[in-house]
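Open the model in your viewer and keep the sequence panel in view. The stops below are meant to be selected in order.

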Amino acid sequence: LYPWYRHTPASQGTPLVELSAADVDLEIAVAEAELARLRSAVDAAVLDVRGADFEAGARLEQDAERAAVDLQTLLTDEKRDAAELATVEGLLQKQRDLVEKRLASAEQRDQLDLRRAALAESVADATASVATARAHAARADARLAEWKKGHSASADDARTGPERAGVHAQEERLRQLRAQKDALTLRAPITGRVSAVLTAEGAALGEGEVAARVLDDAARTATAWVDEQNAGRVSVGDRVALRPADGRGGERAGVVRALGVAVVELPVRFRAIPGEVSFVRAVFIDLDAGGAQLPPLPGQAFEASFSAGTRGAS
């Protein structure tokens, strides 16, 4: 687990946490190799249905098919072993660290070390085998291409239907794995501020556990207090301009959504003389989207100007 943001602004879609994808990466590598093998099988099936009336062509197609299948099999084994080797090396390093810290016995470390050595030897041997198979496949393809120069044939797609269905199924499997990997990156669902990161780097998370919290701190509404003498001049739908009372920060604009149902006492913090009671009417405002952010302090003081020219403090 790798937290990238802590108590900082985050736009919607910003990556917040990335979960380990080693297991999924291994599955994707194996699935990609299998897809390549299946596509090769389709090519081989197509070749198999071509030139059925030509004995020489059929023999060359079979040679090319066999060489391609052998090559893809070796490539699949090599890629699988290489992916497994990388995974084992990572696990071995972690196990070594645990042994050094006396948090685990050396037995599992030694087993992983033996497995890593066997895989390394297998990968090294596969390199030479793949090179030989690749050269053989190239020669078979060249012979087949030379034969095709003097022959024309068409593939029978119906006879390769099962192989093509296998390719489509494997492509869907790969799509699901890649979507699963993408889901391991947790992104901000809204634009706001990271209020808490609830896990540490390297910690394990169970399904449904909360990794981080994002607080929506964008102001969308405001309340203005209009003295009772001018309250009747404000109507629902009037435009409103808001300016910070201390002169700092950008202005906001909005529209009057509703009016208070009664005249009430002005809150003490907005009175010029705290002990002097005055009466006002509340005006509820919906702020326009896309304006400058209001300071993220509830109750921040602003001056409000309405389209009719009345003024008050919010």
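The tour starts with the whole chain and then goes through selected residues.

**Whole chain.** This is a predicted model. Colour by secondary structure to see four helices and 12 strands. Of the 314 residues in the protein chain, 29% are buried. The chain exposes about 18700 Å², and carbon and sulfur atoms supply 52% of that area. Among contacts with a separation of 6 or more, 71% are between residues 24 or more positions apart.

**Helix 2.** Select residues 55-100, which form helix 2, and pick out Thr-76 within them. Thr-76 has 12% relative accessibility and therefore counts as buried, the cut-off being under 20%. Beyond its neighbours within four places in sequence, Thr-76 is in contact with Ala-33 and Arg-37.

**From helix 2 to helix 3.** Now show the side chains of Arg-96 and Asp-113, which form a salt bridge with their closest N and O atoms 3.7 Å apart. Arg-96 lies in helix 2 and Asp-113 in helix 3, so the pair ties together parts 17 residues apart in sequence. Arg-96 is partly exposed at 33% relative accessibility, and Asp-113 is partly exposed at 30%.

Stay in helix 3 (residues 106-148) and select Asp-141. Asp-141 is partly exposed, with 41% relative accessibility. Draw a distance from the C-alpha atom of Asp-141 to that of Leu-60: the separation is 8.3 Å, although the two are 81 residues apart along the chain.

**Helix 4.** Select residues 161-183, the 23 residues of helix 4. At 1.5 Å a residue they should span 33 Å, and the end C-alpha atoms are 33 Å apart, which agrees. Which residues here are buried? Val-167, Gln-170, Leu-174 and Leu-177 are buried in this helix.

Next, select Glu-172 and Arg-175, whose salt bridge has its closest N and O atoms 2.6 Å apart. The two are about one helical turn apart, because they are three residues apart in helix 4. Glu-172 is partly exposed at 32% relative accessible area, as is Arg-175 at 46%.

Select Glu-265 and Arg-271, whose side chains meet in a salt bridge at 3.2 Å, N to O. Glu-265 is partly exposed at 45% relative accessibility, whereas Arg-271 is buried at 13%.

Finish with Val-277, in the loop between strand 9 (252-265) and strand 10 (279-287). Val-277 is partly exposed at 40% relative accessibility. Together with Val-263 and Phe-279, Val-277 makes a nonpolar surface patch of about 230 Å².

Key:
Residues are numbered from 1 along each chain as its sequence is written. This is a predicted model: local features need pLDDT of at least 70, side-chain atom pairs count only at pLDDT 80 or more; totals for chains, interfaces and linings use all residues. Side-chain values use heavy atoms; hydrogens and water are left out. The expected span of a helix is 1.5 Å times one less than its number of residues. Buried means under 20% relative accessible area, exposed over 50%, partly exposed in between (1.4 Å probe, protein chains only). Patches are made of residues with over 30% relative accessible area and no salt bridge: like charges are joined within 9 Å, nonpolar side chains (Val, Leu, Ile, Met, Phe, Trp, Tyr) within 5 Å. Accessible areas come from the Shrake-Rupley method with a 1.4 Å probe; for residues, only the protein chains shown count as cover. A salt bridge is a side-chain nitrogen of Lys or Arg within 4 Å of a carboxyl oxygen of Asp or Glu. Contact means heavy atoms within 4.5 Å.
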